[in-house]
Amino acid sequence: MVDSLTEKGKAMCSLAALLEYPGESFFEDAERVAVILQENRPRAAASIRKFLANTGEKNPKDPVSEMEELFTRTFDIAPIVCPYITAHIYGDENFDRGRLMSALSSKFLERGFAPGAELPDHIAVLLRFAPYLDEEELTELSELCLRQPIAAMTDSLRDAGSPYLYVFEALQTTIEGVGRHD
């Protein structure tokens with residue numbers, strides 16, 4: 001059996017694939033996420049299956065382009081939610097955002113983590129970073145950086161009726177177990 005930290009970090013990291021711009025393997029990746037979550041996070045896996053049931057069916061000939069459009073409407077152009085956690089914690093115009101992003105960048109470098117092209121406070125980047133943290137750091141990341149922004153994003157997605165609500169519900173379920181024995 002995988003220890004709880006490894007399982008939680010792996011679960012968080014798997015969800016990152018659904019919060020990045022969709023590629024050709026998006027639906028296969030989503031199925032893989034549901035499988036990863038099923039054993040230890042069945043509620044989160046069920047949410048991912050709801051997400052899959054509510055996406056890709058409008059345009060069966062080109063479901064990936066449908067996901068690209070949904071992703072853009074949700075996170076990029078006139079977004080329903082801002083995927084950058086510092087905007088939720090500090091607001092748009094606050095110098096503390098830069099300090100936190102700098103601290104995250106330093107921690108990424110220290111751990112040998114390559115964040116890619118996104119800013120360090122992008123939700124998907126932070127989720128991919130989760131397996132690089134020990135239990136105390138993972139709990140700190142969840143409590144100080146993720147829990148409140150994810151709750152705000154979930155509320156916005158629920159209000160908008162977005163299928164991405166199910167991804168964020170899975171994320172909330174996964175985060176709830178961090179730092180606790182579940």
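Ala, Val, Leu, Ile, Met, Phe, Trp, Tyr, Cys and Pro count here as nonpolar, Asp, Glu, Lys and Arg as charged, and the others, Gly among them, as polar. The legends describe a predicted model, in which local features need pLDDT of at least 70 and side-chain atom pairs count only at pLDDT 80 or more, while totals for chains, interfaces and linings use all residues. Residues are numbered from 1 along each chain as its sequence is written, and side-chain values use heavy atoms, with hydrogens and water left out.

**View 1. The second largest pocket and its lining.** The lining of this pocket divides into eight nonpolar, no polar and three charged residues. On a 1 Å grid over the protein atoms alone, a pocket is an open set of points where a 1.4 Å probe fits, with protein on both sides within 12 Å along at least five of seven lines; lining residues have an atom within 4 Å of a point. The space in the second largest pocket is about 230 Å³, a volume being the space filled by probe spheres set on the points, which are joined across faces, edges and corners. Helix H6 (95–111) and helix H8 (135–160) each supply at least two lining residues, and H8 gives the largest share, five residues. Helices are DSSP runs (H or I, at least four residues), numbered from the N terminus. Among the lining residues are Leu100, Lys107, Phe129, Glu137, Glu140 and Cys145.

**View 2. Helix H2 against helix H3.** The axes of H2 (residues 26–38) and H3 (residues 42–53) come within 7 Å and cross at roughly 160°. H2 is therefore roughly antiparallel to H3, a term for angles over 145 degrees. Axes are lines fitted to C-alpha atoms, for helices over the stretch in contact, and angles run from 0 to 180 degrees between N-to-C directions. The crossing of H2 and H3 is left-handed, meaning that the near helix is turned anticlockwise from the far one by less than a right angle. Residues in contact (heavy atoms within 4.5 Å) include Phe26, Phe27 and Leu37 in H2 and Pro42, Ile48 and Phe51 in H3. By class, this contact has 13 nonpolar, one polar and two charged residues.

**View 3. Helix H8 against helix H9.** H8 and H9 (residues 164–176) pack at an angle of about 150°, with their axes 9 Å apart. H8 is thus roughly antiparallel to H9, and their crossing is left-handed. Ile150, Met153 and Leu157 are among the H8 residues that meet H9, where Phe168, Leu171 and Ile175 are included in the contact.

**View 4. Helix H3 against helix H9.** The axes of H3 and H9 come within 8 Å and cross at roughly 170°. The two helices are therefore roughly antiparallel to each other.

Conventions:
Parallel < 35°, antiparallel > 145°, perpendicular 65-115°, else oblique.
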